Amino acid sequence: MIRHLVLFKLNEGVERDEPRVVAGVKAFQELDGVVPELEFWECAWNITDRPIAYDFAINSAVADRDALKRYIEHPAHQAAAGQWREFATWVIADYEF
């Protein structure tokens, strides 16, 4: 199995309640059940206000590297990530467990 972690940081001046951010969150929430490679999926806002903290997180799992590639290339994933490119930056970690 591969864990796929993504941490998002909203760009300066961008707020969680902006319509484009709300739509971006919804797009990621809706990936659960849409992308067959996802064996585990959760996403949520950070609940702390520490200055080094990121704002939003995705924690997911897929079977193997091929499944990860298919997930990344899936049109629904590409569309969701495309929305976030407009208002956030992110870091990713993928590891076997």
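Which residues does UniProt list for "domain: Stress-response A/B barrel"? The unreviewed entry gives residues 2–95; UniProt positions follow the numbering used here, feature names are shortened, and annotations may be inferred rather than shown by experiment.

## Model and span

This is a predicted model, in which local features need pLDDT of at least 70, side-chain atom pairs count only at pLDDT 80 or more, and totals for chains, interfaces and linings use all residues. Residues are numbered from 1 along each chain as its sequence is written, and side-chain values use heavy atoms, with hydrogens and water left out.

The span 2–95 is 32% helix and 32% strand, and its end C-alpha atoms lie 5 Å apart. Helices (H or I, at least four residues) and strands (E, at least two) are DSSP runs, numbered from the N terminus.

## Sheet

Four strands form an open sheet in the order S2-S3-S1-S4, with antiparallel pairing; two strands pair if DSSP finds at least two bridges between them. S2 and S4 (88–96) are the edge strands, each pairing on one side only. From one strand to the next, the twist averages 10°. Axes are lines fitted to C-alpha atoms, for helices over the stretch in contact, and angles run from 0 to 180 degrees between N-to-C directions.

S2 and S3 run antiparallel and are joined by six bridges. Trp45 has Phe56 in S3 as its bridge partner.

Ser60 is also in S3. With 1% relative accessibility, Ser60 counts as buried (under 20% relative accessible area; exposed is over 50%, partly exposed in between; 1.4 Å probe, protein chains only). Beyond neighbours within four places in sequence, Ser60 is in contact (heavy atoms within 4.5 Å) with Ile2, Arg3, His4, Leu38, Phe40 and Trp41.

## Helix H1

In H1 (residues 19–29), the buried residues are Val21, Gly24, Val25, Ala27 and Phe28. Viewed down the axis of H1, these residues fall within an arc of 160°, so they line one face of the helix; the arc is that of the directions from the helix axis to the C-beta atoms. They pack against strands S1 (2–10), S2 (40–45) and S3 (56–62), and against helix H3 (75–84).

## Helix H2

H2 (residues 65–73) lies across S1, S2, S3 and S4 and runs at about 35° to S1. Its buried residues include Ala67, Leu68 and Tyr71. These cover an arc of only 100° around the axis, which puts them on the same side of H2. Arg65 and Asp66, on the other side of H2, are exposed. The cover over the buried residues of H2 includes S1, S2, S3, H3 and S4.
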